[in-house]
Amino acid sequence: MNWKKLRIAVLTILVLCLIPATRYYQIDLPLLRFLQGSRRVNPLSLHLSGEFVENNLGTELQSDGSVIVRMIAEQYLFVPHCIVVPEGIPVHLRITSADAVHSLALSGTDYNVKVLPGIISEARLQFANPGEYKTKCGEFCGAGHYAMRSEFKVVPLDRFPALRAGGRATCDVQ
Ligand SMILES: [Cu+2]
């Protein structure tokens, strides 16, 4: 056996093992950030420009009938605090963090979306029944962590306030 070939084989296996390990432990490597290009966002300018400016947050009905929800997690609140979505419609969640590592956890379930500064986390949800679903931050993020909560208000489709494409819905408008 040629030692040089063996060494190359061992190194290759090590590198191949490291790739899933970095994903599992969510190690933030510059290379991974680069590979995630389209999901990157500058946490320092979220409120100033781009997808996560204030009037673009919340629920938006798409022309194909699906729903997009955009949220920001920051110490120690979720913006918007309350999200209204229709029942039985796929909801595409896009959320990012303005500061620390947070997560959006649906109380009473093991559903948990990790939220990192600089990255847009995406998730698909669908609520079968109307009701108020409490959410909380599932990742310890500092002194106010335990007060970091929000809710999803799921309404019957005919009561969903933004029934036209591009329309927006907030919990206040019912
Ligand atoms: Cu937290």
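How many residues does the largest nonpolar core have, and which of them have the most contacts inside it? It has 25 residues, and V69, M71, I72, A73, I83, V85 and I95 have the most contacts inside it. A nonpolar core here is a set of buried Ala, Val, Leu, Ile, Met, Phe, Trp, Tyr and Cys residues joined through C-beta atoms within 7 Å. Buried means that 20 or more other C-beta atoms lie within 10 Å of a residue's own, exposed means 12 or fewer, and partly exposed is in between, with C-beta atoms placed from the backbone.

Some ground rules: this is a predicted model, where local features need pLDDT of at least 70, side-chain atom pairs count only at pLDDT 80 or more, and totals for chains, interfaces and linings use all residues. Residues are numbered from 1 along each chain as its sequence is written.

Two or more residues each come from β2 (67-74), β4 (82-86), β5 (91-97), β9 (131-137) and β10 (149-155), and β2 gives the most, with 5 residues. Strands are DSSP runs (E, at least two residues), numbered from the N terminus.

Strands pair if DSSP finds at least two bridges between them. β9 and β10 pair in the antiparallel sense over 6 bridges.

| Residues joined | Omega |
|---|---|
| Q75 and Y76 | about -5° |
| V79 and P80 | about -5° |

Y76 sits in the loop between β2 and β3 (77-79), while P80 is in the loop between β3 and β4.

How values were computed. Helices (H or I, at least four residues) and strands (E, at least two) are DSSP runs, numbered from the N terminus.
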